[in-house]
Structure formats: structure tokens, C-alpha cells
Amino acid sequence: MSFPTIKLNDGREIPQLGFGVFQIEPGDTAEKVKAALDLGYRHIDTAQMYGNEEGVGKAIADSGIPRDELWITTKLNNDGHGRDTAVSRLDESLTKLGLDHVDLYLIHWPQPKQDRYVETWQGFEDAHTAGKARSIGVSNFQADHLDRLAKETSTVPVINQIEFHPHLVQRELREYLQQHDIALEAWSPIGQGKGLLDAPELEEIAERVGKSAAQVVLRWHIQLGNIVFPKSNNPERIKENSEIFDFALTEDDLAAVEKLHTGKRIGPDPDDFG
Ligand code: NAD
């Protein structure tokens, strides 16, 4: 089984569905990532902050899957902003992952009050030139942060990974990203499960199409063109979350999911955080 890909502005292709490992215990990570790889997932989303890069690396090494069939993302920790630190922290990640390059390296949070994300991005360009990060991008960036990168540096991020789910449909930012050919990765794509998946509107669609509410929401992302990597510790759910390519939602279904928007964030406001 192989999942569809999205072509990025640097010409590379990323699997549209991956496996996220936020809040997976370091000691459990290798086993959970193995379960995902066994089910056909080839894209893993980790971060220095999650403390589980070694577990991801162990699962990769044990899998025997050729490196060029995998897409591995990690993210710079918030205390690592700065041109040189951005590169030295990636070196540490590569050691933990047991790899000589990642597919995608992201600035985890812009931390605008510290105002170091532009120099940090220059470090990302260095890491890219050195071949340590095949693609470089950002996470939790607002349009004005991206505008500054465009004015003051020479590389457009391939991706912005942002909080995006039916309760937080960031329409304006999504349009901005489309206009600038920056792909959208949706974090907490099923709103961390809580509350959202019980919405009667989702249950109605789910019953009609013979899928679960989680699958309906993930399918909505796929049809919007978003890249997603739902997290689960449960092998049944890891499997369920991958079974989203054998049905389609109608335009009315897509609109009904979008109507669940409340504007309430799970995570912090990127303008205030850090
Ligand atoms: P998610 O929306 O993927 O929800 C995960 C939770 O939903 C699970 O813990 C489980 O309780 C539940 N769940 C999973 N599958 C289910 C199913 N089929 N049915 C019912 N419930 C189910 O939330 P997340 O883990 O916060 O986000 C996914 C990934 O996004 C993370 O693992 C991480 O890789 C990334 N992320 C990035 C940032 C960032 O700042 N860049 C922040 C948060 C998460």
C-alpha cells in the first residue's frame, strides 16, 4: 500500500499521510513506529521537543526499509534558535535518529518576541546546503512571519505546519499558503480526539459513508490537500487512520465539516508563545 504524495515547492514529494509521535513515551516509540511502518506508513513526524527521536531511529533501523522510501521530519527545539545552533541541534537529532539527513527540518515555533527566527532560518538554509536537511520548512508561522522570511532571506519554506482541524479552520492563513506555494501540514488533525469526534454532524456523515468520525475528518483534510500525521498508541486506530483512501466526501460533506469551526485553539497562540 502506498499513500498519495504532495509535491513541494522544491520539487520533492511528501506522503500526504504520516504518523505523528507527539506524546508517545520515549520507551514505547520504537514499537509504535514499527506498527505504523508495518501498516504501510512511510512518513514519521517527530521533534526534538518530543524526546523520542532515538525510538524513531530504532524503528527505522530495525525496519530494513530503504532510506529513500521514508520521509522523516524533525523540528528545532525552542531553546535552539540562532544560525549556528539550528545546525548543531540538527546534528544531534541526526545522531539520535541514526541518519545522515532528515527529509524535513522545521522551526517548531517562531517565538516572535525573541525575534531570532530570521537568523534561525539562515541556519536552516546552511543545513539544506550541507545536505543534512533535504527540505526545510516552518511550523506555527503566521503570515507576517513568512513575509519577513520572504523579504530578508532567499528560500521559501516548503511547508508550514499549523494547528488545523474542524474546530480551527484557518481559512486566511490557508489562502496565504496557497498563494505562496507553501504546503499546509495540519497538526492535531483530529483535534486530539477529545470533543470533536462526538459531533453529531460527523456521526451522521460517518454512518452514511460507513467510516468512523476520525476517518471522515482525516478524509476532509486529504480532500483539502492538507498533509496529516494523526497520532495513536493503539495499533487498531493506527490502521483505521490509514484507511481513508477508499471513499470520498461530497462538497456538502466538506462544507458541513467546515461549519464545526469554533476558532478555539488546542495549543498556544503562535504570536504569544515563547
Ligand atoms: P491528533 O489530532 O493526531 O489526535 C491524537 C489523539 O486522538 C490520540 O492521542 C487519541 O486519543 C485520539 N485518536 C487517534 N486516532 C483515533 C481514532 N481513530 N479514533 C478516535 N480517537 C483517535 O493530535 P496530535 O497528536 O496532537 O497531533 C498529531 C501530530 O501533529 C503529533 O503527533 C505531532 O507529530 C504533530 N504536532 C505538531 C505540533 C506543532 O507545534 N508543530 C503540535 C502538536 C502536534
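1. Helix α2 (residues 53-63) has E53, G55, V56, G57, A59 and I60 as its buried residues. Buried here means under 20% relative accessible area, exposed over 50%, and partly exposed in between, with a 1.4 Å probe and protein chains only. Helices (H or I, at least four residues) and strands (E, at least two) are DSSP runs numbered from the N terminus. The cover over these buried residues includes α1 (26-38), β4 (43-45), β5 (71-76) and α3 (83-97). Just after α2, G64 has a positive phi of about 70 degrees.

2. On the basis of the model: this is a predicted structure, in which local features need pLDDT of at least 70 and side-chain atom pairs count only at pLDDT 80 or more, while totals for chains, interfaces and linings use all residues. Residues are numbered from 1 along each chain as its sequence is written, and side-chain values use heavy atoms, with hydrogens and water left out.

3. The α2 and α3 axes come within 7 Å and cross at roughly 45 degrees. Axes are lines fitted to C-alpha atoms, for helices over the stretch in contact, and angles run from 0 to 180 degrees between N-to-C directions. The two helices α2 and α3 are therefore oblique to each other; angles under 35 degrees count as roughly parallel, over 145 as roughly antiparallel, 65 to 115 as roughly perpendicular and the rest as oblique. On the α2 side E53, E54, V56 and G57 meet S93, K96 and L97 of α3, where contact means heavy atoms within 4.5 Å. By class, this contact of α2 with α3 has two nonpolar, two polar and three charged residues. In this scheme Ala, Val, Leu, Ile, Met, Phe, Trp, Tyr, Cys and Pro count as nonpolar, Asp, Glu, Lys and Arg as charged, and the others, Gly among them, as polar.

4. V216, W220, Q223 and L224 of α8 make the contact with L254, V257 and E258 of α10. Five nonpolar, one polar and one charged residues form this contact of α8 with α10.

5. The largest pocket holds about 810 Å³ of space. On a 1 Å grid over the protein atoms alone, a pocket is an open set of points with protein on both sides within 12 Å along at least five of seven lines, a cavity is a set of points where a 1.4 Å probe fits but cannot get out, and lining residues have an atom within 4 Å of a point. Grid points are joined across faces, edges and corners, and a volume is the space filled by probe spheres set on the points. The largest pocket has 37 lining residues, with F22, Q23, S188, Q192 and K231 nearest its centre. Both α8 and α9 (235-240) supply at least two residues each to this lining. The lining of the largest pocket comprises 16 nonpolar, 15 polar and six charged residues.

6. Q192, one of the residues nearest the centre of the largest pocket, sits in the loop between β9 (183-187) and α7 (200-209). Phi of Q192 is near 60 degrees, a positive value in a residue other than glycine. Most residues other than glycine have a negative phi. With a relative accessible area of 29%, Q192 is partly exposed.

7. The second largest pocket has a volume of about 210 Å³. It is lined by 17 residues, and P15, D68, E69, L70 and W71 are the closest to its centre. Its lining divides into five nonpolar, four polar and eight charged residues.

8. One cavity of 30 Å³ or more is found in a search of the whole structure. The largest cavity has a volume of about 50 Å³. Its lining residues are W109, N140, F141, Q142, I162, E163, Q170, L173, W187, R265, P268 and P270. Seven of these are nonpolar, three polar and two charged.

9. Q111 lies in the loop between β6 (102-107) and α4 (117-129) and counts as buried at 3% relative accessibility. Not counting residues up to four places away in sequence, Q111 touches N78, H81, F273 and G274. N78 belongs to the loop between β5 and α3 and is buried, with a relative accessible area of 13%. With neighbours within four places in sequence left aside, N78 is in contact with M49, H108, W109, Q111 and F273.

10. D115 also lies in the loop between β6 and α4. D115 has a phi near 55 degrees, a positive value in a residue other than glycine, and at 43% relative accessibility D115 counts as partly exposed.
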